[in-house]
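This briefing goes through a single chain by topic. Please look over the sequence and the model before reading the points.

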Amino acid sequence: MCATATAGLAVTALAITPAAAAPAAGSAEASRWAPVPVARHLDNPRQLDLTSDGVLVIAESGTGGDDCADVGEETVCVGTTGAVSIVRHPAKVEGVTAQRVVTGLLSEAGPSGAGATGNDAASARTLGRIYIAKDVDVPDGITGLPEEQEGKLLRAAAGRPPVVVADVRAFEAANDPDGQGVESNPYSVLDVGDKVLVADAAANAVLAVDKRGRISVFAVLPTITGGACDTRPNQDGSYSCDPVPTALSFSRDGDVIVGGLGSLVPGAGRVWELDRRTGAVQQTWAGFTGVTGAAQDRAGNLYVSELFGGDGSGQVVLVPRKGERAALPAPSPAGVVTDAFGNVYVAVNSLSPGTGTGAPDSDGQVWRLTERSFPAS
């Protein structure tokens, strides 16, 4: 695994772009379909999911903590501020404070609490079975924290502490599925019923964890060629960009959507549809920049978060089943999920603590929008 493969994930701790409020509407019709903040004051919100009864599940990476250490040229602060939060009836509410149902999760950030890493992913069919992907490194010399969470797939229930299901980092160390050297960053998770899928961004692989906690390789995603990727040496001896999977969701027919960061090279981001049973690639969408979320609605429209897309501050791209793509400005967007009624939920200001970064409306939020929220192409 070359260093560029995880450059985008490291950037989340370093480059906080200015936040932006929801786009101002220019007409009554535009105002009707403008994005609505469903939940606010979230700490670095990342992956989203919906339970089978429609509860919105939010992974909050937290704000680090009070135990700090110098790591290289940076000050790293760690703690247990990561959480999983929920919003009931997300299609009907606006500006609520999400309810935290799982707490005490490891979090790592700079002193400001912005750009935290930790609980980047949560997936739940019910609130009695919530799966969480963790990637935190507690600096040497800091003790008293739940280091058993590092690099693991966890399971929790609302109001109960998490338990370790599987050691994703250990699997990478023993198997190295992409053959590019051992590096692991569990970044997204999806409960598909008979197994749980984990996107290991640094390993360029999607792993499957069975009910006994046994891990197998579901898919190793292809390296990306063309454009600027053809000038980038990779550890497999080719000139290419690593896919860096950062998002998992269901396609409209129940297969698996995977979003890939593409090493943050403009145009190198990808979204794949994988066969739910075999992991084989069925379809590929190309031409994105820094994908951090992807989901498909029942009509077949695809919604893709680009962390630093558009003018550099982020956007969500609509790829309609028919017609041209359209983009909606959204500050540092991350997880995306759709419901049965045509609503699209997007985590925005995903690199910001719940208190914001100093700019207006810069707190971590989840927006609700629809296909009509996008400007006509």
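Leaving aside its neighbours within four places in sequence, Leu153 is in contact (heavy atoms within 4.5 Å) with Tyr131, Ile132, Val163, Val164, Val165, Ala166, Val168, Val189, Val196, Val198 and Val209. The model is predicted, so local features need pLDDT of at least 70 and side-chain atom pairs count only at pLDDT 80 or more, while totals for chains, interfaces and linings use all residues. Residues are numbered from 1 along each chain as its sequence is written, and side-chain values use heavy atoms, with hydrogens and water left out.

**Nonpolar core**

- A nonpolar core is taken as a set of buried Ala, Val, Leu, Ile, Met, Phe, Trp, Tyr and Cys residues joined through side-chain atoms within 4.5 Å; buried means under 20% relative accessible area, exposed over 50%, and partly exposed in between (1.4 Å probe, protein chains only).
- The largest such core has 16 residues, and the members that touch the most others are Leu153, Val189 and Val209.
- At least two residues of this core come from each of strand E9 (129–134), strand E11 (163–167), helix H3 (168–175), strand E13 (196–200) and strand E14 (205–209).
- E14 supplies the largest share, three residues.
- Helices (H or I, at least four residues) and strands (E, at least two) are DSSP runs, numbered from the N terminus.

**Lys195**

- Lys195 is found in the loop between strand E12 (186–191) and E13.
- Lys195 counts as buried because its relative accessible area is 15%.
- The side chain of Lys195 reaches the backbone oxygen of Arg276 at 3.5 Å.
- Apart from neighbours within four places in sequence, Lys195 is in contact with Leu190, Ala208, Val209, Phe218 and Arg276.

- His41, in strand E1 (residues 36–42), has a positive phi of about 60° although it is not a glycine.
- His41 is partly exposed, with a relative accessible area of 47%.
- Asn204 is not a glycine either, and has a positive phi of about 55°.
- Asn204 sits in the loop between E13 and E14 and is buried, with a relative accessible area of 1%.

- Ten of the 14 residues of strand E5 (residues 74–87) are buried, so the strand is mostly covered.
- Two strands pair if DSSP finds at least two bridges between them.
- E5 pairs in the antiparallel sense with strand E3 (residues 56–60) over five bridges, and Glu60 stands opposite Ala83 in E5.
- E5 also pairs in the antiparallel sense with strand E4 (residues 67–71), over five bridges; the bridge partner of Val71 in E5 is Glu74.
- The hairpin of E4 and E5 has two residues between the strands, and Gly72 there takes a positive phi near 65°.
- With strand E7 (residues 99–109), E5 pairs in the antiparallel sense over seven bridges, and Ile86 stands opposite Gln99 in E7.

**Open sheet E16 to E19**

- Four strands form an open sheet in the order E16-E17-E18-E19, with antiparallel pairing.
- Strand E16 (245–250) and strand E19 (281–288) are the edge strands, each pairing on one side only.
- From one strand to the next the twist averages 20°, where axes are lines fitted to C-alpha atoms, for helices over the stretch in contact, and angles run from 0 to 180 degrees between N-to-C directions.
- E16 and strand E17 (residues 256–260) pair over five bridges in the antiparallel sense, and the bridge partner of Phe250 in E17 is Val256.

**Disulfides**

- The structure holds two disulfides, a disulfide being a pair of cysteine sulfur atoms within 2.5 Å.
- With bonded cysteines counted along the chain, the pattern is 1-2, 3-4.
- Cys68 and Cys77 form a disulfide with sulfur atoms 2.0 Å apart; the link is right-handed, with 105° about the S-S bond.
- Cys68 is partly exposed, with a relative accessible area of 43%, whereas Cys77 is buried, with a relative accessible area of 3%.
- Cys229 and Cys241 form a disulfide with sulfur atoms 2.1 Å apart; the link is left-handed, with -105° about the S-S bond.
- Cys229 and Cys241 are twelve residues apart, and each is in the loop between strand E15 (215–220) and E16.
- Both Cys229 and Cys241 are buried.

Definitions and conventions
Polar contact = N/O pair within 3.5 Å; in protein donor to acceptor, adjacent residues only side chain to side chain.
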